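Hi there,

Here is the structure I promised to pass on. Have a look at it first, and then read on for what turned up.

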Amino acid sequence: EGVAAPEGTTEVEQRLAQLEEAQREVDQFRNLLQRVQADSVNYKRRVEEEREELHKRANANLALRLLPVLDNFEQALQHIPDDDALRPWLAGVELVYRNLTGVLESFGVTPIEALSKTFDPLEHESVFYEVSEDHEEGKVVSIVRKGYKLHGRVLRPAQVTVSKKKEEESSHEGMSDSSWKETE
């Protein structure tokens with residue numbers, strides 16, 4: 001009807017051509033609709049992932065602000081005076097401490113295991129070295145400040161003291177004091 005048919009084509013052939021054209025348009029619209037649906041699904045997934053990431057970041061920020069409070073509680077509990085009159089008060093402080101650690105654990109905050117472990121720069125921050133014959137080199141011998149993870153990701157690395165073997169003095173034998181200072 002709006003399409004001029006070449007000479008020699010029958011009306012049936014024209015209708016078939018129109019039908020094929022209409023089928024191509026339907027296929028194009030179907031493909032377009034499928035792409036729009038896929039884009040919509042991907043958009044919803046991206047929005048949900050961004051929302052979850054924002055939620056995790058908010059939890060991480062809150063946990064990071066609470067960790068110094070937890071550190072202070074632990075320090076206070078290490079220096080408890082031995083006084084029977086303080087026992088009820090101490091029980092209350094310990095209960096608050098357990099509640100705080102329980103809340104942090106419910107959000108996925110867990111302490112990093114460090115003591116006697118091999119130093120791991122992804123989880124530990126070395127603040128001191130200690131020459132030690134009792135420990136294998138590179139082992140954590142003490143914890144200066146506890147580290148924590150949030151859902152398996154390091155929130156705050158553990159500050160640790162790492163063992164170090166005593167340096168051999170034989171490698172510097174034969175050098176005078178002045179030549180030793182020059183090589184440092």
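A word on terms before the findings: a residue is called buried under 20% relative accessible area, exposed over 50%, and partly exposed in between (1.4 Å probe, protein chains only). Please keep in mind that this is a predicted model, in which local features need pLDDT of at least 70 and side-chain atom pairs count only at pLDDT 80 or more, while totals for chains, interfaces and linings use all residues. Residues are numbered from 1 along each chain as its sequence is written, and side-chain values use heavy atoms, with hydrogens and water left out.

Let's start on the surface. L19 is exposed, because its relative accessible area is 54%, and this residue is found in helix α1, residues 11–78. Helices (H or I, at least four residues) and strands (E, at least two) are DSSP runs, numbered from the N terminus. Together with V12 and L16, L19 forms a nonpolar patch with about 300 Å² of accessible area. Such patches take residues with over 30% relative accessible area and no salt bridge, joining nonpolar side chains (Val, Leu, Ile, Met, Phe, Trp, Tyr) within 5 Å and like charges within 9 Å. The areas come from the Shrake-Rupley method with a 1.4 Å probe, and for residues only the protein chains shown count as cover.

Now the salt bridges, each a side-chain nitrogen of Lys or Arg within 4 Å of a carboxyl oxygen of Asp or Glu. The whole structure has 10 of them. In helix α1, R30 and D27 sit three residues apart, about one turn of the helix, and their closest N and O atoms are 3.1 Å apart in a salt bridge. R30 is partly exposed, with a relative accessible area of 43%, and D27 is also partly exposed, at 31%.

Which residue forms a salt bridge with D84? The partner is R87, with the closest N and O atoms 4.0 Å apart. Salt bridges that share partners join D82, D84 and R87 into one network. The D82 to R87 contact is 2.9 Å, N to O. D82 is exposed at 71% relative accessibility, and R87 is partly exposed at 37%.

Finally, the sheet: three strands form an open sheet in the order β2-β6-β3, with mixed pairing. Its edge strands are β2 (124–131) and β3 (140–145). Strands count as paired if DSSP finds at least two bridges between them; β3 and β6 (residues 158–164) run antiparallel and are joined by four.

Best wishes
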